[in-house]
Structure formats: structure tokens, C-alpha cells
Amino acid sequence: MNTFTPLFNYGYAMDNVPANILDELKKETDHIQSDFTKHFRYNALLAGRIENEYYLDKTDLIEPYVIELCKELHIKTFPNYNGPIPQFKLSNNRSGKPDLWVNFQKKYEYNPRHSHSGFYSFVIWLKVPFNIEDEMAVNCNKDANTARPGFNFSFADHCIPGGIATKHIPVDKKYEGKICLFPAWLNHNVDPFFTSDDYRISISGNIDVLTLV
């Protein structure tokens, strides 16, 4: 785990995904993108206003790596806890399959504010086809007192003193190959982008806690 960022009540972790995992994920997402009609659509299980969302059959590749990150995040989140570390596994969706999917987000599409099932959730940014400077140049609210580029991955939660606190992560090409791991109940959203006709490709999943050992 490269970084841990404490937030209002809980925090999130960032890491660089190992190259061998990224290579396999890129092969699989290229295969899905080559003919969307041959793959299982995941839209009915998701909140996104995104046309192309599909089940990803890569549990054996992703699960061991993400589980180790979950253990590290758990220790960072609960530093005074001296008990055993929980055991984690990928959640199952309504069909009984691992809850793992890929988003092919187009220009103007977005994910509204939502939370996930499970205990932890993650997103891997596989391809982000734009730069922060370009997005800032066309952002219609760049002169507003809350100006920010419209491609953030954002968290929002009730903070301990009261009210809603937000954290914006300016995801652009520099975030390709990174993973963000966070509590599943933490509200988050993905804003649209405007300067590319390519897909923004991200992989997400949910993690359950098993019995303590």
C-alpha cells in the first residue's frame, strides 16, 4: 500500500497495481471491448449512468492482491484494535458470482453519488484518456468559487462535527494503473469528462468480511 489518507471518519488507500495484474486486466478488457454484445451486461446491478458496464471474470487474478490491501487498510483504519485481522473475500452478486465489473465510461457519462454493498470496495483506473489541464480549460465552472475539473472521483460523508464533507481526487492519465480502496458505505461519485472520445476504463468490486481467525 503506497498511501493511506485519513478522511472525516474513515480513510482510503491508494496503491500501484502490479504490472502482471494490469497486463492481464488490459487483455481481458480489450477482449470485452472488441464485441460488447458477447458479454454479460452489469448495468442492472449498478448506479452508473454509463452505457457499457460488464461482468469481469478475473476473480483469481484480483482477489489475492486486493485482500492483502484490505488487511493493511483495516490496520490503518483501526490502529488501536489489537484483535485478529478479519478474513476477506470478494462479495457475491445476486447471481452468486463474485461482484466484479468493468466500466467503459464515455464522454458526458457519469456515476451519481452512491455507496456499495460489502465492507470494502475498490476501483482500479485502467485507462484515463485525458489530462487535468485540458479538462480545466473547458470546465464551464472554472471561475466559480468551488471550481474544480469535472472528472473527479469524489467521496462524501457525514463528518464527526456535523454536515457533509467531501474529498475530490483529480483522476486523469497520471492515475492509470492505480487502485483506490475504501469503505463500501462511503458515498462517492464520478463526474463526467469532456475532452476525449475514448473510453475511461475502470474496474471495481466489493469485499466482504468473513469470520475472524
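Begin by selecting Val66, Phe122 and Ile203, which have the most contacts inside the largest nonpolar core, a group of 31 residues; such a core is a set of buried Ala, Val, Leu, Ile, Met, Phe, Trp, Tyr and Cys residues joined through side-chain atoms within 4.5 Å. Here buried means under 20% relative accessible area, exposed means over 50%, and partly exposed lies in between (1.4 Å probe, protein chains only). This is a predicted model, in which local features need pLDDT of at least 70 and side-chain atom pairs count only at pLDDT 80 or more, while totals for chains, interfaces and linings use all residues. Residues are numbered from 1 along each chain as its sequence is written, and side-chain values use heavy atoms, with hydrogens and water left out.

Next, colour the elements that give two or more residues to this core, among them α1 (19-34), α2 (59-77) and β12; helices (H or I, at least four residues) and strands (E, at least two) are DSSP runs, numbered from the N terminus. The helix α2 gives the most, with seven residues.

Now centre the view on Val66, which touches Phe122, Ile179, Leu181 and Ile207 when residues up to four places away in sequence are not counted (contact means heavy atoms within 4.5 Å). Then select Tyr12, Met14, Val123 and Trp125, which are included in a second, separate core of 16 residues.

Finally, turn to Phe194, which is found in the loop between β11 (187-190) and β12 (200-212). Phe194 counts as partly exposed because its relative accessible area is 36%, whereas Cys70, at 0% relative accessibility, counts as buried.
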